[in-house]
Amino acid sequence: MELSSSHDRADVVIVGAGPAGAVAARRFVEDGFSVVCIEQGDWPDYSRSHVADEYLELSAGKEWNPQPTVRRSFSDYPIDTSRSDVEPLIWNGVGGSAVMYAGIWMRLMPSDFRVRSLDGVADDWPLSYEDLAPFYERIERDFGVSGYPGDPAFPDIDSYPMKAAPIGPHGRMMAEAHNRLGWHWWPGSNAIATEDYRNQGACVQRGACMWGCINKAKASPDVTHWPDLLTQGVRLITRAVAQEIETDAAGRATAVVYTGDDGVTRRQEADVVVVAANGLGTPRLLQLSTSTRFPNGLANGSGLVGKRLMMHPFATVVGVFDDKLDPWKGVWGQPVYSLEFYETVKERGFVRGAKWNVTPTGGPQAMTAAFPWGGSEIWGEGFHDTVRDRLGHSLAWGIVAEDLPEEHNRVELDHSTRDRAGLPGVRMTYRTSQNTKDLLAFNVERASESLREAGAKETIVAPMIRETGWHILGTATMGEDAASSVVDQWGRAHEVPNLIIVDGSTWPTSSGMNPTPTIAAFSLRAIEHAVTERRSQAVSS
Amino acid sequence: MTAAELTAAERSKLAAVADLLIPRASGMPSASEALVHEEFIDRVFSVRPDLADGVRSGLADIADPLPASFPELQARALPRVRALAEAVTAAYFLNPQVAQLVGYRKRSVIPIRFDEDLDALVSSVNARGPIYRPTP
Ligand SMILES: Cc1cc2nc3c(=O)[nH]c(=O)nc-3n(C[C@H](O)[C@H](O)[C@H](O)COP(=O)(O)OP(=O)(O)OC[C@H]3O[C@@H](n4cnc5c(N)ncnc54)[C@H](O)[C@@H]3O)c2cc1C
Ligand code: SF4
């Protein structure tokens with residue numbers, strides 16, 4: 001391997017410029033650490049966004065598609081999904097997958113951290129809701145979150161930086177239906193600015209949040225973090241693929257080896273290595289980092305690196321109404337959500353539950369798609385009437401189901417494929433369990449009931465589709481015991497104390513919530529701990 | 001001619017097939033009346049050149065004589081027709097007259113007016129009290 005001379009040694013090197021990496025960079029640089037971040041992709045190019053023109057839906061099918069195998073950008077590494085029920089959805093570049101996310105903003109509930117104690121399955125987290133709560137609050141300010149405080153589904157959400165986005169006629173209709181049913185609902189919390197806020201512009205309700213928000217109302221780190229971090233001196237190296245984390249004889253991480261855009265391989269040395277490459281990229285990098293001391297991959301003494309993959313199987317139920325609702329005229333992610341069926345109720349015959357959010361169905365082209373409308377083709381004589389029935393008159397409940405950790409669901413290196421830097425791609429194995437299937441079936445029934453109560457003249461249970469792997473969790477699990485986990489509650493690898501993993505791969509269980517707030521809060525807590533520790537070491541030495 | 005441009009023969013076949021998919025009905029023009037096979041398929045390809053191959057092969061699969069109706073086309077069970085149909089649909093809705101008739105052309109700017117009655121709307125949710133299980 002040709003290794004060109006590295007740039008100056010840094011205090012910290014971070015792999016990945018998504019939410020987890022950006023939060024880590026900000027916390028380190030605030031305390032005066034020198035930080036280098038290595039990111040395989042580039043900045044998002046909003047000049048190529050079509051959110052304001054008539055090509056929105058066409059562009060969502062390719063360039064602004066969250067599926068790397070469809071998008072095929074230079075920064076996408078090969079992923080073999082032939083053994084998976086679900087396709088992973090990610091974006092590789094500055095801002096990470098949050099460039100494409102909907103901005104739905106949910107904390108976990110206390111029970112999510114105590115699944116073993118409360119429900120007798122899987123594992124407890126080595127930290128509690130209360131441990132994370134102060135960090136959620138700080139992260140909500142950094143990501144410019146809007147919402148309506150006081151949801152009784154959480155112990156203590158007392159304020160949000162901004163007022164909630166309008167819930168729209170569609171959100172209101174579902175809210176009123178749930179009030180009649182006596183079921184929980186709440187105005188949506190979203191990482192979307194409802195007024196001008198720091199680097200974010202006020203939302204203009206285009207409902208195009210996942211396809212390149214040109215108003216920068218949606219909080220993705222390329223908007224909320226990176227411009228400031230660059231000013232503060234963080235060195236962000238884009239188009240650079242991290243290929244290995246090196247260690248010394250004592251087993252401490254010493255450097256990240258990466259291939260730059262010029263094809264030259266370099267070594268970035270640092271005192272601390274932070275991995276924030278998401279539930280696929282993190283196990284991949286650890287598995288690539290083999291040595292005599294770590295023959296099965298870095299920090300993999302437990303054998304769990306890559307295992308326990310969880311991806312939140314997703315269901316959708318659509319309602320078609322007589323009323324004109326035009327649900328795309330607002331935020332896309334969640335005008336309102338419901339946690340009525342989130343907690344375990346033993347009589348239901350399964351453990352854990354799901355979170356629902358109201359979501360629009362889209363413009364005319366989307367009215368003709370196989371998802372969520374089902375397989376029967378609508379062209380021919382009935383075409384216009386079907387479009388007229390659905391367009392502006394339909395909405396859906398999106399149902400995010402908790403799946404439990406199982407070791408056979410996993411991410412491994414795939415030596416039969418190579419990325420642009422010559423590194424192996426990954427192979428995913430992921431099958432949905434019976435508990436999850438039962439849980440989804442129950443929630444789909446209840447969601448249909450909810451829509452009927454709201455006045456739906458027709459409800460359609462969308463076919464299960466593969467393209468729903470928005471949340472990739474569990475592949476470098478956290479725990480107290482080095483024999484059964486990869487990192488501790490501070491994200492520190494049990495076997496490599498100066499290696500910190502801060503993304504969703506650390507999750508022992510998946511919850512049924514959209515994960516980014518918890519990924520970001522965990523990253524902040526982990527790095528704050530690292531900063532405090534290093535300060536106390538500096539003082540004592 | 002670029003790879004994403006159709007030949008005259010392809011365009012005339014597209015016009016005929018597109019009318020099976022989207023006929024004139026319910027006060028709406030047919031696909032060919034909406035110039036799907038001309039300006040608007042070209043506009044689809046201007047953003048999505050990758051769709052051109054699917055349209056071409058979808059058309060090529062439909063052997064002469066052309067089916068007389070959509071059910072007849074469906075009966076031929078040609079797997080690549082779906083991609084063709086999706087491109088035709090996208091082209092159809094790009095036509096501004098069609099857009100006007102269905103009441104949707106593109107997303108527009110809507111300044112935020114906050115809901116002022118949320119307290120009242122969530123009052124029954126609050127009245128039921130906490131629904132989470134506390135940390136044991
Ligand atoms: C379409 C879509 C909708 C979503 N909606 C929501 C939502 O509404 N709410 C929510 O909470 N979550 C949502 N998510 C999930 C959310 O995007 C992720 O939880 C979040 O981005 C995870 O942050 P992260 O920093 O851990 O990983 P990522 O954001 O994925 O960032 C990882 C970064 O690491 C880089 N990287 C990986 N490997 C290497 C390497 N070897 N070398 C260099 N760089 C590397 C990648 O290029 C990437 O930029 C959605 C995701 C998608 C795709
Ligand atoms: S609705 Fe708001 S956040 Fe979404 S794309 Fe429009 S301006 Fe951006």
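1. In chain B, helix α1(B) contributes B:Glu10, B:Lys13, B:Leu14 and B:Val17 to a contact with α3(B), which in turn supplies B:Arg56, B:Leu59 and B:Ala60. The model is a predicted one, and the remarks below should be read accordingly. By residue class, this contact between α1(B) and α3(B) comprises four nonpolar, no polar and three charged residues.

2. The geometry of this pair may be stated next. Two packed helices are described by the angle between their axes and the distance between the axes. Helix α1 of chain B spans residues 8-21 and helix α3 of chain B spans residues 52-61; their axes are 10 Å apart and the packing angle is about 75°. Because angles of 65 to 115 degrees count as roughly perpendicular, α1(B) is roughly perpendicular to α3(B).

3. Helix α1(B) also packs against α5(B). The axes of α1(B) and α5(B) come within 10 Å and cross at roughly 85°, which makes α1(B) roughly perpendicular to α5(B). From α1(B), the residues in contact are B:Leu14, B:Val17, B:Ala18 and B:Leu21, and from α5(B) they are B:Leu84, B:Ala85 and B:Val88. The residues of this contact divide into seven nonpolar, no polar and no charged.

4. A further partner of α5(B) is α2(B). Helix α2 (residues 36-47) and helix α5 (residues 81-94), both of chain B, have axes that come within 8 Å and cross at roughly 100°. On the α2(B) side the contact involves B:Val36, B:Phe40, B:Ile41, B:Arg43 and B:Val44; on the α5(B) side it involves B:Ala87, B:Val88, B:Ala90, B:Ala91, B:Tyr92 and B:Leu94. Ten of the residues in the contact of α2(B) with α5(B) are nonpolar, none is polar and one is charged.

5. Ligand 2 sits in the second largest cavity. The residues surrounding ligand 2 belong to chain A and include A:Cys203, A:Cys209 and A:Cys213. Also around ligand 2 are A:Ile192, A:Val204, A:Gln205, A:Arg206, A:Gly207, A:Ala208, A:Ala217, A:Lys218 and A:Gly330. The shell around ligand 2 divides into seven nonpolar, three polar and two charged residues.

6. Some points of backbone geometry deserve a check. Most residues other than glycine have a negative phi, and most peptide bonds are trans. In chain A, the peptide bond joining A:Phe371 and A:Pro372 is cis, with omega about 0°, and A:Pro372 is found in helix α10 (residues 370-373) of that chain. In chain B, the bond from B:Asp64 to B:Pro65 is likewise cis, with omega near -10°. B:Pro65 is placed in the loop between α3 and α4 (70-75) of chain B.

7. A:Arg239, a residue other than glycine, has a positive phi, near 55°. A:Arg239 lies in the loop of chain A between β7 (235-237) and β8 (241-247).

Technical notes
Residues are numbered from 1 along each chain as its sequence is written. Chains are lettered from A and ligands numbered from 1 in the order in which they are written. This is a predicted model: local features need pLDDT of at least 70, side-chain atom pairs count only at pLDDT 80 or more; totals for chains, interfaces and linings use all residues. Side-chain values use heavy atoms; hydrogens and water are left out. A residue is near a molecule or strand if one of its heavy atoms lies within 4 Å of it. On a 1 Å grid over the protein atoms alone, a cavity is a set of points where a 1.4 Å probe fits but cannot get out, and a pocket is an open set with protein on both sides within 12 Å along at least five of seven lines; lining residues have an atom within 4 Å of a point. A molecule sits in a cavity or pocket if more than half of its atoms lie within 2 Å of its grid points. Ala, Val, Leu, Ile, Met, Phe, Trp, Tyr, Cys and Pro count as nonpolar, Asp, Glu, Lys and Arg as charged, and the others, Gly among them, as polar. Axes are lines fitted to C-alpha atoms, for helices over the stretch in contact, and angles run from 0 to 180 degrees between N-to-C directions. Helices (H or I, at least four residues) and strands (E, at least two) are DSSP runs, numbered from the N terminus. Contact means heavy atoms within 4.5 Å. Angles under 35 degrees count as roughly parallel, over 145 as roughly antiparallel, 65 to 115 as roughly perpendicular and the rest as oblique.
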